[in-house]
Amino acid sequence: MTLLKTIDPSPAFEPKLATPGPERLISGSPAFRTWAQDSARDGTVNTGVWEATPGETHSIKGETFEFCHILEGVVELTEAGKQPVIYRAGDSFVMKPGYVGVWKTIETVRKIYVTVG
């Protein structure tokens, strides 16, 4: 077993497909594709690639910490009570446990993610 894991930004295997539940959807009809690539600590740490088409959803992290690195596309994140922040390809950010806000995909986005929680 190797302890070094490369995250493939364009995986060849089929992604898991999803759409937001009605309680999360704000506008549009975004579709999500997830290429889970590794997990550890009984599934509390996960890594992979995630993609979303344009739309707007409620983003609620709960107890989860999430690091994101944008590979392509544009998103606007608005934390509750804060000003919107735009992220583009090459940008990285962290949503900490307790984060509540709006995730607006402006251009189809693809990101590498690491979640801990």
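## E66 and its surroundings

Leaving aside neighbours within four places in sequence, E66 is in contact (heavy atoms within 4.5 Å) with K61, F93, V94, M95, K111, Y113, V114 and T115. This is a predicted model, in which local features need pLDDT of at least 70, side-chain atom pairs count only at pLDDT 80 or more, and totals for chains, interfaces and linings use all residues. Residues are numbered from 1 along each chain as its sequence is written, and side-chain values use heavy atoms, with hydrogens and water left out.

You will find E66 in strand β6, residues 65–79; strands here are DSSP runs of E with at least two residues, numbered from the N terminus. E66 has a relative accessible area of 5%, so E66 is buried (under 20% relative accessible area, with a 1.4 Å probe and protein chains only). The side chains of E66 and K61 are joined by a polar contact of 2.5 Å. Such a contact is a pair of N or O atoms within 3.5 Å; within protein, one must be able to donate a hydrogen and the other to accept it, and residues adjacent in sequence count only if both atoms are side-chain atoms.

## The largest nonpolar core

F93, one of the contacts of E66, lies in strand β8 and is buried at 6% relative accessibility. Beyond its neighbours within four places in sequence, F93 is in contact with E66, F67, C68, I70, L77, Y87 and W103.

F93 also belongs to the largest nonpolar core, which has 14 residues. A nonpolar core is a set of buried Ala, Val, Leu, Ile, Met, Phe, Trp, Tyr and Cys residues joined through side-chain atoms within 4.5 Å. Those with the most contacts inside this core are W50, L77, F93, M95, W103 and V109. Strands β4 (45–52), β6, β8 (92–95) and β9 each supply at least two of its residues, and β6 gives the most, with four.

## The largest pocket

The largest pocket holds about 610 Å³ of space. On a 1 Å grid over the protein atoms alone, a pocket is an open set of points where a 1.4 Å probe fits, with protein on both sides within 12 Å along at least five of seven lines; lining residues have an atom within 4 Å of a point. Of the 20 lining residues, R24, F32, W50, K61 and E66 are the closest to the centre. Two or more residues come from each of β1 (16–18), β3 (32–40), β5 (55–60) and β9 (100–116).

How values were computed. Points joined across faces, edges and corners; volume = space filled by probe spheres on them. Buried < 20%, exposed > 50% of the residue type's maximum accessible area, 1.4 Å probe, protein only.
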